[in-house]
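Good morning, and thank you for coming.

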Amino acid sequence: MKQYDFRFDTALIESFIGKTLTKYKHAEFMYTNSVTAVLGFEIEDVVYELTNEFEAMDFLTLDGEATIFRISKTKWNNVDSMINNDINEINVGETIKKILLVNDHTTLKIDENVAYDMWDTKAIIFCFENYELCFVKQDCWFSQEIEIYKGHALLDKTGDGNGILDDFDEDETKKAFVERAIVEIK
């Protein structure tokens with residue numbers, strides 16, 4: 001059985017609570033509110049990047065690669081557009097009250113046996129006093145897009161994670177299942 005765990009480190013995310021999200025930056029939007037593969041944000045002088053890039057892996061018997069959503073420390077100047085877009089910097093200056101992580105647990109059964117078991121983070125939602133800011137991996141296993149939303153009740157913007165099921169509906173021997181877990185950190 002193949003097992004993967006690409007969930008964000010909750011200890012790192014817990015360290016953000018009570019701190020100020022100073023600003024974030026991303027490539028200029030072209031047609032939608034999404035950016036390709038990378039964006040950066042700063043929390044009290046520490047810079048992080050969210051990446052959504054292709055990695056070679058045995059992904060549910062599909063194509064041999066998938067995009068993986070990751071968070072890591074970086075430097076502000078290292079966050080750059082994956083395509084030739086201008087970079088937009090957005091000032092926030094808000095205290096993080098809580099964070100929601102949207103984690104999907106995807107399993108694939110082949111002939112009734114579990115062949116794949118994968119956890120991955122699909123979205124991180126920063127909750128401030130009066131609004132939320134959401135960075136969400138597009139609900140498609142081969143898309144590098146990261147969608148950005150600002151407003152209220154942004155869990156509704158994260159999709160349901162079931163898009164992967166369409167790739168298995170014609171094969172009676174393979175059945176995929178997705179369960180969603182919302183982790184609230186305050």
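How does the radius of gyration of this chain agree with that of a compact globule of 186 residues? Please keep in mind that what we see is a predicted model. For 186 residues, a compact globule would have a radius of gyration near 16 Å; the chain has 17 Å, so the two agree. Along its principal axes, the C-alpha trace spans about 50 × 35 × 25 Å.

Let us turn to the secondary structure. The chain contains one helix and twelve strands.

As for burial, 47% of the 186 residues count as buried. The chain exposes about 9,600 Å², and carbon and sulfur atoms supply 43% of that area.

Is Asp-104 buried or exposed? Its relative accessibility is 1%, and because buried means under 20%, Asp-104 counts as buried. Which side chain does the side chain of Asp-104 meet in a polar contact? The partner is the side chain of Arg-180, at 2.7 Å. Leaving aside residues up to four places away in sequence, Asp-104 also touches several others, among them Met-118, Trp-119, Lys-122 and Val-178.

Next, Cys-140 is located in the loop between strand E10 (132-137) and strand E11 (145-151). With a relative accessibility of 21%, Cys-140 counts as partly exposed. Cys-140 and Gly-163 are 23 residues apart in sequence, while their C-alpha atoms are 6.4 Å apart in space.

Finally, a word on backbone angles. Most residues other than glycine have a negative phi. Asp-45, however, has a phi near 70°, a positive value. Asp-45 sits in the loop between strand E4 (38-43) and strand E5 (46-56), and with a relative accessible area of 69% this residue is exposed. Asp-111 also has a positive phi, near 50°, and is found in the loop between E8 and strand E9 (113-127).

Thank you for your attention.

Key
Residues numbered from 1 in each chain as written. Predicted model: local features only at pLDDT ≥ 70, side-chain atom pairs only at ≥ 80, totals over all residues. Heavy atoms only, no water. Helix = DSSP H or I, 4+ residues; strand = E, 2+ residues; numbered from the N terminus. Rg over C-alpha atoms; globule rule 2.2 N^0.38 Å. Buried < 20%, exposed > 50% of the residue type's maximum accessible area, 1.4 Å probe, protein only. Areas by Shrake-Rupley, 256 points an atom, 1.4 Å probe, with all protein chains shown as cover. Polar contact = N/O pair within 3.5 Å; in protein donor to acceptor, adjacent residues only side chain to side chain. Contact = heavy atoms within 4.5 Å.
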